[in-house]
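Colleague: Please take a close look at one chain of this model and describe how it is laid out.

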Amino acid sequence: MKKTLKYFLIALLVVAIVATGFVIYVYNKPHRNVANEKAVTLTAEQLYQAFKDNEQHANQLYLDKAIELTGRIAQITTNQQGQTVIDFNTADSLVTINCTFKEAPQNIKVGDSIHFKGICTGYIPDMNVVMNNGILVK
Amino acid sequence: MATKFMLFFLCFALSIVTVKAQKAYVTRNGQISFVATNDDDVSAVNNEVASRITTNGDITFSLLIKSFFFQYAEMQDHFNSDYLQSNTYPRSDFKGKITNIQNINFSKNGVYPATVQGNLTLHGVTKPITVNGTIEVQGTKIIAKAKFTLQLSDFNIHADRVAKKVAIQFNCTYQ
């Protein structure tokens, strides 16, 4: 009888530890950090063309992937949460690649050629391809 | 004959002016956030909403599901893979009309109540919705705001364990 109780208590303890561990994991799992991810390298133009030619195929290739984009900054703005956003132009004057930085980058200006590494979240026809969570690589 | 021609020309000129007078306000970085009505922890914000409002009352917006940012990364993963299937349905689109556009004066600063009717496509399901909000005119920019609730099952989203309804907050600043 005593032995059964002992095993029961140990089992209970194990369950409690696992459950606590799970909750801690769920609430503390870090967000993705593109700095540590291997990225596909593309020009802003190539990324746009891929989506324009075949959105579904481009989604399979690039959605949720880390991409290092090269291009010339056409516009610098801030979004409604105060994060820095840059746009790269494409061959279509209406469509841009809209890139949001995770943290404000230092020393960038319109016209600069940069490498932006971020996550591609998809394409909005006639508007833009969206990238976020970005960092300035060089 | 000359008068007729003049009249025709005048009508033509006027129609050009009318077309020109229809202005479009645009944003690529509008904001839409949501919170589960039963659990404040389940909330996310999207700062990459693309939207257009024209002075003749057309309103559209599009957003990418993967652009929703949750405080908890684990929740964000479940949202995308289990509930919204964002690889299959990466985008949500809305197309509608401001039904009381005649009451909104885009050339006079102020906050105007606005009613919008249109079709929302989410998770591959298209449903008509009606939303009440405001349009604030501030010089050359406008700010559109609205709050409304969506029943997830209407859009074939089965997240009963987490939430059945979400309160959506629309807040977009246009240039």
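**Chain A**

Modeller: This is a predicted model. Chain A is divided into domain 1, residues 1-30, and domain 2, residues 38-136. The C-alpha centres of domain 1 of chain A and domain 2 of chain A are 45 Å apart.

Over residues 7-27 the chain is 100% helix and 0% strand, with 30 Å between the end C-alpha atoms.

Chain A as a whole has three helices and six strands, which follow one another along the sequence as α-β-α-α-β-β-β-β-β. The radius of gyration of chain A is 22 Å, well over the 14 Å that the globule rule gives for 138 residues, so chain A is more spread out than a compact globule. Its C-alpha trace spans about 80 × 35 × 25 Å along the principal axes. Of the 138 residues in chain A, 32% are buried. Among contacts in chain A between residues at least 6 apart in sequence, 57% join residues at least 24 apart.

Helix H2 of chain A, residues 44-53, has as its buried residues Ala44(A), Leu47(A), Tyr48(A) and Phe51(A). Seen down the axis of H2(A), these buried residues fall within an arc of 95 degrees, so they line one face of the helix.

As for the partner chain, 23 residues of chain A are in contact with 18 residues of chain B. On the side of chain A that touches chain B, at least two residues each come from helix H1 (2-28), strand S4 (96-101), strand S5 (113-124) and strand S6 (128-136). The residues of that side of chain A comprise eight nonpolar, 13 polar and two charged.

Methods
Residues numbered from 1 in each chain as written. Chains lettered and ligands numbered in written order. Predicted model: local features only at pLDDT ≥ 70, side-chain atom pairs only at ≥ 80, totals over all residues. Domains from an automatic or database assignment. Helix = DSSP H or I, 4+ residues; strand = E, 2+ residues; numbered from the N terminus. Contact = placed C-beta atoms within 7 Å. Nonpolar A, V, L, I, M, F, W, Y, C, P; charged D, E, K, R; others polar. Buried ≥ 20, exposed ≤ 12 C-beta atoms within 10 Å, placed from the backbone. Arc of directions from axis to C-beta. Rg over C-alpha atoms; globule rule 2.2 N^0.38 Å.
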